[in-house]
Amino acid sequence: MKLQHKVMLTYTTLISCSLILISVLAVFSYQNILSSLTSSLSTQLFSSKSNEISSWLNSRISEIQIISESSCVREMKEDEVIEYVDHLNQTIGTQYGNPWGTFAIGSTDGIGYVGLNKTIDISNRPYFIEGLNTSEEYLFSNPVLSKTDNSVITILHYPLRNEQGNYGFINAAINLHHLTDIVSNIDFYEGESFIMDTSSNLYTKVQTISAQDTENIMNNVMLHLDTTSSFSLDKYTYYYTKIPANENWYLCTKVETANLTKETSSFILMLTSLLVLF
C-alpha cells in the first residue's frame, strides 16, 4: 500500500473515530439536558396543578367555616337550621358541582338536615366517627355514590366544636367531575393524570389506570415518604405530588417511558444518518 493511501486511511479512521466519540458524547449530553428539562417541567407543572386543586378545595373549606359561624348553626335551632340549609342548597350548592343536596347540617347523633323534610343519617360513617374522636378540623370521605343522582362524590366533613366539645357537623358533597376536569387538562407526554389517596382510592375518572398502578405509586410513596417524586417501573414512569389541602391525596401521572425518550431517539437517528452520509 502506498504511503499516501496509508496516511489517508489513518486520517479517515481518526476522523471517523472522533466523530463517533463526539456523537456519543453529544447523545449523553442531550439525554442529560433533556432529562433535566423534563424533571424541571414535571415539577413545575404538577406543583401548579396540585396548588390549583388545593386552592379550589380550600375555597370550599373556607365557605364551610363561614357557614359554621352563622348564629342558627352555632345555636343549632332545628327550624332555623332546616331553613338555612335549604337556602344554602338552592344558592351556593352548585359551586360544589352538585346541583342538589350539597349541604347537610346536623348534631352529634349523626342526623343531618338537607332541606325541608329531608335528612341523612351518617352516624355510622367512618369520617363522622373520626370527627367525633379526633381534633381534625375537617375530613374528606372515600369516594361514594350520591344517593340523589348516583354521581361519584366525596364528603367534606366539618365537625362543629365549642368550649364544651362537639355539638354538630356540616357536610358538603363535592362532585368529583370538577377535579376530573382539572387533571384531564394536564398535557404531559401523552400520559394520564389522576387523583388518589394513600388507601389507593381514586377521586377522578380514569381510562387506563389499574389497581396495580395505584399500588405501585403507594409502595413508592411509603418507601420514600416524598411529597413530590417520580419513578420508573416496567415500561411506565410515574409522577406524584401531594395536594396541600389534603395530606392523604396525591396528584399522579402515568406516562409510557418510551414517550419521554422520543426526542432522544430522534436525535440519535439524525446523528446516525449524518455519520452514514459522511
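Modeller: Cys-252 is buried, with a relative accessible area of 0%; buried here means under 20%, exposed over 50%, and partly exposed in between, using a 1.4 Å probe and protein chains only. Keep in mind that this is a predicted model, where local features need pLDDT of at least 70, side-chain atom pairs count only at pLDDT 80 or more, and totals for chains, interfaces and linings use all residues. Residues are numbered from 1 along each chain as its sequence is written, and side-chain values use heavy atoms, with hydrogens and water left out.

Cys-72 is buried too, at 6%. There are zero disulfides in the structure, a disulfide being two cysteine sulfur atoms within 2.5 Å.

Now the sheet. Four strands form an open sheet in the order E8-E11-E10-E9, paired antiparallel. Strands and helices are DSSP runs numbered from the N terminus, with E for strands (at least two residues) and H or I for helices (at least four); pairing takes at least two DSSP bridges between two strands. E8 (192-197) and E9 (228-233) are the edge strands, each with a single partner, so one side of each has no neighbour in the sheet. From one strand to the next the twist averages 25°, with axes fitted to C-alpha atoms (for helices, over the stretch in contact) and angles between N-to-C directions running from 0 to 180 degrees. E9 and E10 (236-242) share six antiparallel bridges, and Ser-232 sits opposite Thr-237 in E10. Packed on this sheet is helix H5, which touches E8 and E11 and points at about 140° to E8; contact means heavy atoms within 4.5 Å.

Next, the core. The largest nonpolar core counts 39 residues, and Ile-53, Leu-57, Ile-105, Ile-170, Ile-195 and Trp-249 have the most contacts inside it. Such a core is a set of buried Ala, Val, Leu, Ile, Met, Phe, Trp, Tyr and Cys residues joined through side-chain atoms within 4.5 Å. Elements giving it two or more residues include E11 (249-256), H5 (177-184) and helix H1 (3-68), and H1 gives the most, seven. Beyond its neighbours within four places in sequence, Leu-57 contacts Phe-140, Ile-174, Ile-243, Ala-245 and Trp-249. There's also a second, separate core of 11 residues, with Phe-194, Met-196, Ile-217 and Val-221 among them. In soluble globular proteins, nonpolar side chains do tend to be buried together.
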